[in-house]
Amino acid sequence: MKRIIIAQRLSRKLLLPLLLCVCSVTAAQEWIEKESMHEPSMAGTAEYYNGKIYVFGGDVDGLLLETHVTDYGDSIVQVYDMATNTWSETTPMPARNWMLGSAVLGDTLYVVGGGWFNGGVNTLYAFDPITE
């Protein structure tokens with residue numbers, strides 16, 4: 001049986017997600033590492049749709065924890081294609097964001113909330129992966 005697992009490495013010091021790694025598990029329950037993301041994402045969100053994993057936002061430069069700036073995050077959207085084991089980027093979100101939530105309903109991916117050190121945001125963005 002083959003399953004796809006999204007694993008996040010945790011920093012023991014900061015207890016925050018630091019890197020998203022796509023791996024699969026074989027019938028023998030062995031981990032197989034797949035292609036790494038082009039940009040590591042801390043506190044982004046990910047959703048699966050039609051053979052691809054979409055990773056929205058997060059802190060890709062690590063500056064958030066280093067500088068504690070009040071409006072940092074990233075608008076990047078990275079896409080992992082499971083069939084080709086490759087990553088690419090698609091249309092970025094309208095605003096930078098991290099610590100956000102997401103959902104897939106029908107053919108639309110939604111990204112909601114998130115925030116910065118100075119508070120949360122109440123935005124809701126819809127993304128159509130078919131017309132990306």
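**A loop and its sheet**

Mentor: Start with N85, which is partly exposed because its relative accessible area is 30%, a value that lies between the 20% limit for buried and the 50% limit for exposed. The model is predicted, with an average pLDDT of 77 for the chain and 69% of the residues scoring at least 70. Residues 1–20 have a pLDDT below 50, although this stretch has 52 contacts in the model beyond near neighbours in sequence.

N85 sits in the loop that runs between β6 and β7. Its phi is near 55 degrees, which is a positive value in a residue other than glycine. M99 also has a phi near 55 degrees, again positive and again not in a glycine; its place is the loop between β7 and β8 (101–105).

Now the sheet. β6 and β7 belong to an open sheet of four strands, in the order β4-β5-β6-β7, with antiparallel pairing. The edges are formed by β4 (45–49) and β7 (86–89), each of which pairs on one side only. On average, neighbouring strands of this sheet are turned by 25 degrees against each other, with direction ignored. In general, the strands of a sheet pair through backbone hydrogen bonds. β4 and β5 (residues 52–56) are an antiparallel pair joined over five bridges, and Y49 stands opposite K52 in β5.

Next, look at V79, a residue of strand β6. V79 is buried because its relative accessible area is 2%, which is under the 20% limit. Leaving out residues up to four places away in sequence, V79 touches K52, I53, Y54, T86, W87, S88, T90 and E132. Its C-alpha atom is 9.9 Å from that of H38, a residue 41 places away along the chain.

V79 is also one of the ten residues of the largest nonpolar core; among the others are Y49, Y54, F56, V77 and F127. At least two residues of this core come from each of β5, β6 (77–81) and β9 (108–112). A second, separate core has five residues, including M37, I53, Y80 and W87. In soluble globular proteins, nonpolar side chains tend to be buried together.

How values were computed
Residues are numbered from 1 along each chain as its sequence is written. This is a predicted model: local features need pLDDT of at least 70, side-chain atom pairs count only at pLDDT 80 or more; totals for chains, interfaces and linings use all residues. Side-chain values use heavy atoms; hydrogens and water are left out. Two strands pair if DSSP finds at least two bridges between them. Axes are lines fitted to C-alpha atoms, for helices over the stretch in contact, and angles run from 0 to 180 degrees between N-to-C directions. A nonpolar core is a set of buried Ala, Val, Leu, Ile, Met, Phe, Trp, Tyr and Cys residues joined through side-chain atoms within 4.5 Å. Buried means under 20% relative accessible area, exposed over 50%, partly exposed in between (1.4 Å probe, protein chains only). Contact means heavy atoms within 4.5 Å. pLDDT is the predictor's confidence in each residue, from 0 to 100.
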